[in-house]
Amino acid sequence: MWSSVQRWRGVALIAAISAVALWLAASGQLVLYIHPRYIVFTVIMAAIALVLVVAAVASAASRRRRDEEAPVSRRERALGLSAAAIAGAFVIGMLVIPPATLSTATAEQRQINATAADLDALDDAAEADDAAVARFTVREWSSILRQTSDLGFFADKPVTDLVGFVAPDPDDPENVFYISRFVITCCAVDAQPLGVPVHQPGWQDEFPVDSWVSVTGEFAANPSESSLQPLVVMPDAIEAVEQPSEPYLF
Amino acid sequence: MTVRLETPVRREDHRASRRWGARHLIAAGLGVLGIVALIALRATTAESGPAGLPDVAQDLLTLSTSVIIESLPFIVLGIALSILVQVWIPEAWLLRILPRNQWGRRAVISLFGMFLPVCECGNVPLARGLVRRGFTIPESMVFLVAAPILNPVTILTTHAAFGFDDGILVARLLGGFLIANVLGWLFSLHPEPQSLLTGRFAEECRIDDGHRHGTRAEQTVDLFVRESSILMPALVIGALVAGGIQVAVPRDVLVALGSDPLFSVLAMMALAFVISVCSNVDAFFILPFASTFLPGSIVAFLVFGPIIDIKMLALMRTTYSTRTLLRVTLVVGLLSAVLGLVVNYVV
């Protein structure tokens, strides 16, 4: 059993992972894990891997026993088997558990707005016309908020249909929530949570944490006493929406 | 006489290859069926599979999966290039271009990445291939350390992210080159280079020496099976640990250290170790931190990260012994820290 586990564990893992990658690509969900610029490369290499897997299975039919395998100590064997078992269990998880986006657990752990996404956002916004401002995402707004808290700057810049998921403001979870998105440079591992604070007392009753909403409103001084955010969106309307097919911003 | 000797052999060959045909088609068909079954399983569980995991467990799965999916194409490319180097390229080609002089050899090897733009996880199978092809073990380390930094994709993305600001790009390239060559030189002083390898890989190299069996196609498939059997479990476990640490260690602990000349360097190296992101894109990842961290710490991140991180250690453990990896980590860590401090204080 040892020798066949040793020989086939890699082929089985690479087959399962490549199959999952191809299915994710076909169903448009590869963007849940990696930046769109890698999709073509990933699909091509996964296809090559599967061709090699089929070739490996085919060649097994004529495999003569070879005495090349180095003798392995009992400890190494146990280690190898448990590594294969852990890897196998995880890949079965990849196969059967529905794909999902990162949740607020990670957003809180990584601290919303810990980093600036877009250093030129303020200058760009100063020159943007109304149509461009209406298209601003969480990425632009959160970057602008990092660079200025001058309310005058936001006077003619309303928030229009801003989409994101709901995450509580840790300093005033009753009254303020962040409308948040993850920004990805390479893959979900490096996702940075960004968010725009929204003042809406009792928001929990209508919109559960992690659910997706669309907010329209205007910036104003934050009425909350405990929240650290100087400015918040005072919403005119908050609507529950479906999670977008590309939940991350790139 | 010669004819008589050849005929039976040929006939046997012919029979063998005919038998080969039918059985192998069936096996290949089963292989295809297996893959279709995997995709079908994934498609049916997409809606109805076990859902409702706790957030943290679900995020661990998502993070680890993303490391695996992101590394998969590079690993496959690395295995493919390794097969190319070992089976399809005549040995003379590779060795002919190298200077005789030890330092010259290592300097040229550290530039191999310019022609093999694979991210660091793909370099592991390639380095294994080079060792099997007669490169010394210190030389394989030079390649492993330099190639992810001195490669066209990394240079382009680093330039796109930082331009020539603060000497970050120049420090990264020069630093990578110097660290690789110093590391190669240090290990070339080792009296018994074979003992730097894991027992299993050393044994494989010894058995491989000289003779190869089977046609090139058979060798190709055989190498694919062997390399994936060693690298894939390491990749999955490395990804799992990397994901686990991401879930467990709050990011702000690291970011809080950002503006101190010494601690910012160490914090960035710790971040690079934990995050295990590919060298091709790490510049974009670190760009948002550039406003809070000193340039030297960014350089330390960009030099240390491609070489040493959780995922890479798991992959390199397939080839080098634990003691070797500890020493490599120590040397690369010290040199990266010095480089970062020099940039912080001098530039």
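Predicted model: local features only at pLDDT ≥ 70, side-chain atom pairs only at ≥ 80, totals over all residues.

Residues are numbered from 1 along each chain as its sequence is written, and chains are lettered from A and ligands numbered from 1 in the order in which they are written.

**Entry: I39(B)**
I looked up I39(B) and found that it counts as partly exposed, because it has 18 C-beta neighbours inside 10 Å. I39(B) sits in helix 1 (residues 2–48) of chain B; helices are DSSP runs of H or I, at least four residues, numbered from the N terminus. Leaving out residues up to four places away in sequence, I39(B) touches A19(A), L22(A) and W23(A). Contact here has C-beta atoms, placed from the backbone, within 7 Å.

**Entry: where the chains meet**
How many residues of chain A are in contact with chain B? I read off 71 residues of chain A, in contact with 71 of chain B. On the chain A side, two or more residues each come from helix 1 (2–26), helix 2 (39–60), helix 3 (74–96) and helix 4 (104–110). That side holds 52 nonpolar, 14 polar and five charged residues. Ala, Val, Leu, Ile, Met, Phe, Trp, Tyr, Cys and Pro count as nonpolar, Asp, Glu, Lys and Arg as charged, and the others, Gly among them, as polar.

**Entry: helix 3 of chain A against chain B**
I saw helix 3 of chain A pack with helix 10 (residues 216–248) of chain B at about 65°, their axes 9 Å apart. Axes are lines fitted to C-alpha atoms, for helices over the stretch in contact, and angles run from 0 to 180 degrees between N-to-C directions. The two helices are therefore roughly perpendicular; that term covers 65 to 115 degrees, while under 35 is roughly parallel, over 145 roughly antiparallel and the rest oblique. The contact includes F90(A) from helix 3 of chain A and P233(B) from helix 10 of chain B. Its residues are 11 nonpolar, no polar and no charged.

**Entry: inside chain A**
I then checked helix 1 and helix 3 of chain A, whose axes come within 10 Å and cross at roughly 20°. These two helices are therefore roughly parallel to each other.

Technical notes: Contact = placed C-beta atoms within 7 Å. Buried ≥ 20, exposed ≤ 12 C-beta atoms within 10 Å, placed from the backbone.
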